[in-house]
Amino acid sequence: AAGSADGWTPYYLDCDGIRETARRTGILANIQDENIAITYDDGVNTYSTTCPPSDDVHLADRIVISVTTYYEPFLPLVNLPAFPITSETARTIIKDVEIDGN
């Protein structure tokens, strides 16, 4: 949640890059954009459900990425219906803070 994707776009605003990483990570689950939800919150309340966010992002806000897909057994050994599986990760946003690599 610190740094930039292309020298200009902060990682937390690189919506295409976030979606691409989610699709690449979930390649075996055939993750598509509609399976990916990107939201922003202040640790308590969600203030944007769109990427890029509809409001300004502040230091210590969070970006939350949720990926949902459906699991369906390959072999019908048990009559188990498909069910959703969701993976969620959140990162605290670091902005307007100088980070020194030395």
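Select Arg23 and Asp33 in this predicted model: the two form a salt bridge, with their closest N and O atoms 2.3 Å apart. Arg23 belongs to helix α1, whereas Asp33 sits in the loop between α1 and β1, so the pair ties together parts that are ten residues apart in sequence. Arg23 is partly exposed, at a relative accessible area of 26%. Asp33 is partly exposed as well, its value being 38%.

Glu20 is partly exposed, with a relative accessible area of 36%.

Next, select Asp41 and Arg62. These residues form a salt bridge whose closest N and O atoms are 2.8 Å apart. Asp41 is in strand β1 and Arg62 in strand β3, so this pair ties together parts that are 21 residues apart in sequence. Is Asp41 buried or exposed? Its relative accessibility is 6%, so Asp41 counts as buried; the cut-off for buried is under 20%. Arg62, at 27%, counts as partly exposed. Salt bridges with shared partners join Glu20, Arg23 and Asp33 into one network. How many salt bridges does a search of the whole structure find? The search finds three. As a general principle, side chains of opposite charge can pair when their charged atoms come close.

Now select Cys15 and Cys51. They form a disulfide, with their sulfur atoms 2.0 Å apart, and the count of disulfides comes to one. In general, a disulfide is a covalent bond between the sulfur atoms of two cysteines. The torsion about the S-S bond of Cys15 and Cys51 is about -90°, so this disulfide is left-handed. Cys15 is part of helix α1 and Cys51 is in the loop between β2 (46-48) and β3; the pair therefore ties together parts that are 36 residues apart in sequence. Cys15 counts as buried at 7% relative accessibility, and Cys51 is buried at 15%.

Nonpolar side chains tend to be buried together in soluble globular proteins. Then display the surroundings of Ile63: leaving aside residues up to four places away in sequence, the residues it touches include Tyr12, Ile18, Ile38, Tyr40 and Ile93.

Phe74 is located in the loop between β3 and β4, and at 81% relative accessibility it counts as exposed. Glu72 counts as exposed, at 55% relative accessibility. To end the tour, display the C-alpha atoms of Glu72 and Phe83: although these residues are eleven positions apart along the chain, the two atoms are separated by 6.9 Å.

Key. Residues numbered from 1 in each chain as written. Predicted model: local features only at pLDDT ≥ 70, side-chain atom pairs only at ≥ 80, totals over all residues. Heavy atoms only, no water. Contact = heavy atoms within 4.5 Å. Buried < 20%, exposed > 50% of the residue type's maximum accessible area, 1.4 Å probe, protein only. Disulfide = S-S within 2.5 Å. Helix = DSSP H or I, 4+ residues; strand = E, 2+ residues; numbered from the N terminus. Salt bridge = Lys/Arg side-chain N within 4 Å of Asp/Glu carboxyl O.
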